[in-house]
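Student: I would like to go through this model with you, one topic at a time. Could we start with strand pairing?

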Amino acid sequence: MSDMFLTASSSPHVRSKEDVSIIMRDVVIALLPAFICSIYFFGMKALTLTLVAVLVAVGTEALIQKLMKKPITINDWSAVVTGVLLAFNLPAGAPWWIALIGSVFAIAIVKHAFGGIGQNFMNPALAARAFLLASWPTRMTAAAFTWPGGADAVATATPLELLKGAEGVVGELPSIASLFMGNVAGTIGETSALALIIGGAYLLYRKVITWRIPTIYIGTVAVLTFIFGQDGLFTGNVLYHLFAGGLMLGAFYMATDYSSSPVTPRGQIIYALGCGIITSAIRLWGGYPEGVSYSILLMNVAAPLIDKYTMPKIYGEVKANA
Amino acid sequence: MKQATFHGGIHPSYFKEFTSHKKLIQSNPPSQVILPMQQHIGAPCEPIVKKGDVVKLGQKIGEPKGFVSAPIHASVSGKVVAVEPRLHPDGRKVLSVVIESDGLDTLHEDIKPQGNLESLSPEKIRDIVGEAGVVGLGGATFPTKVKLSPPPEKKIDAVILNGAECEPYLTADHRIMVERAEDVVYGLKALLKALDVQKGYIGIEDNKLDAIEAVKKAVGNDANIEIYSLHTKYPQGAEKQLIYAVTGREVPSGGLPMDAGAVVQNVGTAVAIADAIKIGMPLVERVVTVTGSVIKEPQNLLVRLGTPFKEIIDQCGGFAKNPGKLIMGGPMMGMAQFSIEVPVLKGTSGILALDEEEANVPDPTPCIRCGKCVNVCPINLLPLYISAYSLNDAFDKAEEYHALDCIECGSCSFICPSRRPLVPSIRVAKREILAKKRKAK
């Protein structure tokens, strides 16, 4: 008994088993259905792009932490999540080095230059996507989108481009069922609304995310795109807007990024509303078919401010029995 | 019976099965007791015996100093062998009276029944409770008499007995409710009379069905006492959360329960009050749940105050393996001990021994802003921000984020996936803010 060493630390003395790696692994698990769909629809190209993005993301994180003499935390799975999300934002026709550059940018610049996990003020995968889009526009858009059913090399328009009727874009709108399943052109991880919703439900079930951001984001887009329809007020094609483009991917997996979204309940609602409004505005009136990425990035920047002004009313703040 | 709860909270593993069905057992009489003169929140007592004095069981040995204080009585009969500073469970050395037991338990002559509850005036009940040294036995040890003496402008209309016992592992209150339900109700009636209040409530978490049944039976058809089955969730037994669950009222920020018209007492306290009136016995023993993965035979023991932890643990078969951490109280709010020689106090609801693996303090990693601490905080605070400001010495900002309203329940630290020291850092902020306020005065 004399050699007994008792730890005298501060309470609480018990903790939940859930740690960062379990949360991040849950996100990876939630992304699996969409990953399988991407391979089903886009073939080996989707697999290669995802593998390159993930390996480079993890490698970059390890290298940076080694160079900066920080503990190497690649087993927290967060770099894997960034890699998968980045790949999901690439068209199947994108070359492998786009994935490589994007991953390096996401991890080195967006994540670690700002202090690493929890410190990035933008979603790394989305910021990298915006960077790639600006740097190699043709390799990131129309020319690189492939029609899953067609030959590998045939470039085609995405449903949102078709819906928008952009100049020089011709083709038939795919059916709602195809949209829902993911058998349409788009970035490799965004096309299957069904797979993304299954994964999103898993994240909600595991309490990795709360309902507020995805529900309000998607709900806002639904309402606005219905009100401001092509044929006048209240004629919008809601299901098309919900299932086409990156809305499901963005709402469940990217707008909910912890570091770059508000933590207060009211703040999350305002943030999600903002994402929904900007997405709808870009889709309906912008010169660009898809608004998800930019709306999330813009709201990411506003997140700290939103948090500051939406501090919850604490217990007892207003005299309840007065 | 009503079902009630509060906002936020967590669901830790409860580990109550070690002891929840074990009957209360009288522990072996200690050969020596160490009675620190500080066993309650408030001013310490002054010893009124000296080395060499012979004392009887129940004799007052510590006189309260100040309004917020409670006397301390001898828990054995025998001889005072020392009046000197001894190690106290809060980590300091505190002036203590050490009594060598003569093994006879000779009762002090003042100990006799105080008469019928009906015949006692509110003032008399308050005096009995005060003289018996009764304090809040849930662990906070606030002197009960003070709670029974609200300023006249505070209108109290609800007395709530706290039988939630939401801390994992602890089953002391559970067994008290099952085995001494009559006295729980008797104590509540005494409280109602002392405060001149009509309505009494008893809140019990719904994982203690046998306790709910027993108390219900003891209440009978008394329409003035209502039993609330509380949702099993930590910290359901926190005073503010309990008041909200039962009355729907919020204690104003910076205020006390009486500002919401409520007085909350632990069920064990009610039994201590019943003993003080029925037998005249001051508070000299209490129920202690001795439990945890390294205790050989976990028990609910009736322990004399002042008994060293070591003796209690030995009576439970000792340690099955090397303990890593010894806690007075529950795992969420209890205090870690570095010695097993410290004595059982009025506030010792449990002695919890965890193994070396459970005792391991994990290294914190950066905050990922997951917001889980925000979702579980029963006060609706933003623990991640308060903690970050505190760790950066920005105590003014921490105060802006309502650091002082933190009840230190530990839910945020429990849930944090980055293992951040949220509660400890918020405690630092509270201390700094209060120190600054005192300075400003």
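Predicted model: local features only at pLDDT ≥ 70, side-chain atom pairs only at ≥ 80, totals over all residues.

Student: Which residue stands opposite Ile227(B) in strand 12 of chain B?

Tutor: Ile202(B) stands opposite Ile227(B) there.

Student: Which residues point which way from strand 12 of chain B?

Tutor: Ile225(B), Ile227(B) and Ser229(B) point one way, while Glu226(B), Tyr228(B) and Leu230(B) point the other way; all are buried. In a regular strand the side chains alternate between the two faces of the sheet.

Student: On to the antiparallel sheets. What is the order of the four strands in the open sheet of chain B?

Tutor: The order is 3-9-8-5, with antiparallel pairing. Strand 3 (32–36) and strand 5 (54–55) of chain B are at the edges; each has a single partner strand, so one side of each is left without a neighbour in the sheet.

Student: And how many bridges join strand 8 to strand 9 in chain B?

Tutor: Nine bridges join strand 8 (residues 78–87) to strand 9 (residues 93–101) of chain B, and the two run antiparallel. Within this pair, Val83(B) stands opposite Val97(B) in strand 9 of chain B.

Student: What about the three strands that form an open sheet in chain B: what is their order?

Tutor: Their order is 4-6-7, and the pairing is antiparallel. The edges are strand 4 (45–47) and strand 7 (72–73) of chain B, each with a single partner strand, so one side of each is left without a neighbour in the sheet.

Student: How many bridges join strand 6 of chain B to strand 7 of chain B?

Tutor: Two bridges join strand 6 (residues 60–64) of chain B to strand 7 of chain B, in the antiparallel sense. Lys60(B) stands opposite His73(B) in strand 7 of chain B.

Student: Changing topic: where is Ala140(B) placed, and is it buried or exposed?

Tutor: Ala140(B) is in the loop between helix 1 (122–131) and helix 2 (144–147) of chain B. Its relative accessible area is 52%, and over 50% counts as exposed, so Ala140(B) is exposed.

Student: How far apart are Ala140(B) and Asp173(B) in space?

Tutor: They are 14 Å apart, C-alpha to C-alpha, and 33 residues apart in sequence.

Student: Now the whole chain. How many helices and strands has chain B?

Tutor: Chain B has 14 helices and 18 strands. Its radius of gyration is 21 Å, close to the 22 Å that the globule rule gives for 441 residues, so chain B is as compact as a globular protein of that length. Its C-alpha atoms fill a box of roughly 65 × 50 × 50 Å along the principal axes.

Student: What share of chain B counts as buried, and what about its charges?

Tutor: Of its 441 residues, 60% count as buried. Chain B has 52 positive and 51 negative side chains, and the centres of the two sets lie 3 Å apart.

Student: Lastly, how many residues of helix 12 in chain A are buried?

Tutor: Eight of the eight residues of helix 12 (residues 247–254) of chain A are buried, and the helix is mostly covered. Among them are Leu247(A), Phe252(A) and Tyr253(A).

Conventions. Residues numbered from 1 in each chain as written. Chains lettered and ligands numbered in written order. Heavy atoms only, no water. Rg over C-alpha atoms; globule rule 2.2 N^0.38 Å. Buried < 20%, exposed > 50% of the residue type's maximum accessible area, 1.4 Å probe, protein only. Lys, Arg positive; Asp, Glu negative; His and termini not counted. Charge placed at Lys NZ, Arg CZ, Asp CG, Glu CD. Pairing = 2+ DSSP bridges.
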